[in-house]
Amino acid sequence: PAARARARQVQAWLRSDLMPIREERNTQVLFYAARKPPLSAQAEATAQRLFRFAEALLPQAADHLFGQWCIADTDLALMINRLALHGDPVPPRLAAYAKAQWQRSTVQEWVAMQRPPLTA
């Protein structure tokens, strides 16, 4: 129960406290390879906060946040990949973690889903 509560806490933080990243690196970056302007100072500061949090949360040499995969791993990878897949600088350990999470077969199925074309 404690680990599940911590995972929910991580997910809530990812979804509520990182709006500048969400706004400037929306899911069009992930699913349509959209190119966006450089991060604003506010979004850059938010990215640095994300990196500090993720580095502290992810155990050294670990593949998962809590010893085995959970959905919070995918949520964290999604947020990191908003930056990494756009080409924004991401600490190497976090980029490798996000890339590994992104390779899960279920995540790849989700990424490969047919999406409607972008409209102007």
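This is a predicted model: local features need pLDDT of at least 70, side-chain atom pairs count only at pLDDT 80 or more; totals for chains, interfaces and linings use all residues.
Residues are numbered from 1 along each chain as its sequence is written, and side-chain values use heavy atoms, with hydrogens and water left out.

**Exercise 1. Find which residues of helix 6 are buried, and what covers them.**

Step 1. Helices here are DSSP runs (H or I, at least four residues), numbered from the N terminus. Helix 6 spans residues 92–102.

Step 2. Apply the burial cut-offs: buried is under 20% relative accessible area, exposed over 50%, partly exposed in between (1.4 Å probe, protein chains only). L94, Y97, A98, Q101 and W102 come out buried.

Step 3. Look down the axis of helix 6. The buried residues fall within an arc of 135°, so they line one face of the helix. The arc is taken from the directions from the helix axis to the C-beta atoms. An α-helix has 3.6 residues a turn, so residues three or four places apart point the same way.

Step 4. Turn to the other side of helix 6: P92 and K99 are exposed there.

Step 5. Find the cover. It includes helix 3 (27–32), helix 4 (41–57), helix 5 (71–84) and helix 7 (105–111).

**Exercise 2. Work out how helix 1 packs on helix 4.**

Step 1. Take the axes, which are lines fitted to C-alpha atoms over the stretch in contact, with angles from 0 to 180 degrees between N-to-C directions. Those of helix 1 (residues 2–16) and helix 4 come within 12 Å and cross at roughly 170°.

Step 2. Classify the angle. Under 35 degrees is roughly parallel, over 145 roughly antiparallel, 65 to 115 roughly perpendicular, and the rest oblique. That makes helix 1 roughly antiparallel to helix 4.

Step 3. List the contact (heavy atoms within 4.5 Å). Helix 1 gives R6, V10, W13 and L14; helix 4 gives R49, L50, F53 and L57.

**Exercise 3. Describe the surroundings of L83.**

Step 1. Check its burial. L83 counts as buried because its relative accessibility is 0%.

Step 2. List its contacts, not counting residues up to four places away in sequence. L83 touches I21, R25, L39, A47, L50, F51, D88 and V90.

Step 3. Compare with Y32. L83 and Y32 are 51 residues apart in sequence and 14 Å apart in space, C-alpha to C-alpha.

Notes:
Helices (H or I, at least four residues) and strands (E, at least two) are DSSP runs, numbered from the N terminus.
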